[in-house]
Amino acid sequence: MNFLAHIYLSGNNNFMKIGGFMADGVRGKDYEHFPDDIRKGILLHRAIDTFTDAHAVFRISKHRLHERYGHYSGVIIDVFYDHFLAKNWQDYSDEKLDVFVQNFYQSLEDNFDMLTPKVQNMLPHMERGNWLWNYQFVDGIGTILSQMDRRTKNTSKMGESVQELEQFYKEFEQEFTLFFKELREFVADKIKTL
């Protein structure tokens with residue numbers, strides 16, 4: 001799962017959301033240096049990633065892209081799945097997406113000193129491009145994937161994967177819906193043990 005899903009799945013705790021958001025940049029046991037709820041968010045993120053990578057439905061989505069994008073196919077599916085979460089947001093939350101997104105950006109600003117340097121550097125770009133809001137649009141996903149592609153010096157070709165998103169849109173959306181139901185159940189249980 002990508003940024004939006006990790007934030008959403010962290011529940012109503014702002015520090016867990018921050019931990020879930022920046023977990024990819026926290027290596028090994030470095031999470032132990034953060035406040036308790038941020039640590040929980042990082043650990044939840046890791047558990048979600050493990051669940052996701054092993055899930056049969058996620059693997060079906062990923063396999064559809066593997067021949068063309070290789071090991072980047074999982075990253076692309078993470079972004080595609082965030083698209084379907086944003087697009088169908090009203091099915092998962094009573095809070096409007098724009099409010100959720102703005103509240104999260106404000107939480108990051110309010111707790112800027114707790115963020116990793118990587119997230120601190122990324123935040124202005126994220127807010128300017130309103131990444132989380134724009135996940136709901138295919139064009140927004142295309143922009144995000146093209147930016148990610150540039151960071152790999154265009155070797156990943158992730159920016160081109162919007163073609164497959166459009167071609168297999170119905171299949172990807174059905175797979176996301178099934179997968180996300182099971183992921184939400186997993187997270188509801190996992191949060192109790194953190």
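**Close-up 1. Asp36, Arg39 and Lys40 are joined in a network of salt bridges.** In this predicted model, local features need pLDDT of at least 70 and side-chain atom pairs count only at pLDDT 80 or more, while totals for chains, interfaces and linings use all residues. Residues are numbered from 1 along each chain as its sequence is written, and side-chain values use heavy atoms, with hydrogens and water left out. A salt bridge here is a side-chain nitrogen of Lys or Arg within 4 Å of a carboxyl oxygen of Asp or Glu. Side chains of opposite charge can pair when their charged atoms come close. Start at Asp36: the closest N and O atoms of Asp36 and Arg39 are 3.2 Å apart. Between Lys40 and Asp36, the closest N and O atoms are 3.5 Å apart. Asp36 and Arg39 are separated by about one helical turn, because they sit three residues apart in helix 3. Lys40 and Asp36 are four residues apart in that helix, so about one helical turn separates them as well. Helices are DSSP runs (H or I, at least four residues), numbered from the N terminus. Asp36 is partly exposed, with a relative accessible area of 39%; Arg39 is partly exposed at 24%, and Lys40 is partly exposed at 24%. For these words, buried means under 20% relative accessible area, exposed over 50%, and partly exposed in between (1.4 Å probe, protein chains only).

**Close-up 2. A salt bridge between Glu173 and Lys87 links distant parts of the chain.** Here the closest N and O atoms are 2.7 Å apart. Glu173 is buried, at 17% relative accessible area, whereas Lys87 is partly exposed at 31%. A search of the whole structure finds eight salt bridges.

**Close-up 3. The largest pocket has a volume of about 880 Å³.** Of its 31 lining residues, those closest to the centre are Asn2, Phe3, Asp24, Met148 and Arg151. Pockets are found on a 1 Å grid over the protein atoms alone, with a 1.4 Å probe: a pocket is an open set of points with protein on both sides within 12 Å along at least five of seven lines, and lining residues have an atom within 4 Å of a point. Grid points are joined across faces, edges and corners, and the volume is the space filled by probe spheres set on the points. Which elements give two or more residues to the lining? They are helix 1 (3-9), helix 2 (14-22), helix 3 (36-54), helix 4 (56-69), helix 5 (73-87), helix 7 (117-129) and helix 9 (138-151). The lining divides into 13 nonpolar, 11 polar and seven charged residues. In this count, Ala, Val, Leu, Ile, Met, Phe, Trp, Tyr, Cys and Pro are nonpolar, Asp, Glu, Lys and Arg are charged, and the others, Gly among them, are polar.

**Close-up 4. The second largest pocket has a volume of about 240 Å³.** Gly11, Asn12, Lys17, Glu95 and Phe100 are the closest to its centre of the 13 residues that line it. Helix 1, helix 2 and helix 6 (97-110) each supply at least two lining residues, and helix 6 gives the most, with four. Five nonpolar, six polar and two charged residues make up this lining.

**Close-up 5. Asn111 is found in the loop between helix 6 and helix 7.** Is Asn111 buried or exposed? At 14% relative accessibility, Asn111 counts as buried. A polar atom of the Asn111 side chain lies 2.8 Å from the backbone oxygen of Ser107. Leaving aside neighbours within four places in sequence, Asn111 is in contact (heavy atoms within 4.5 Å) with Phe15 and Ile18.

**Close-up 6. Asn130 and Lys157 each have a positive phi although neither is a glycine.** For Asn130 the angle is about 45°, and for Lys157 it is about 60°. Asn130 is in the loop between helix 7 and helix 8 (131-134) and is buried, with a relative accessible area of 19%. Lys157 is in the loop between helix 9 and helix 10 (162-167) and is partly exposed, at 37%.

Notes:
A polar contact is a pair of N or O atoms within 3.5 Å; within protein, one must be able to donate a hydrogen and the other to accept it, and residues adjacent in sequence count only if both atoms are side-chain atoms.
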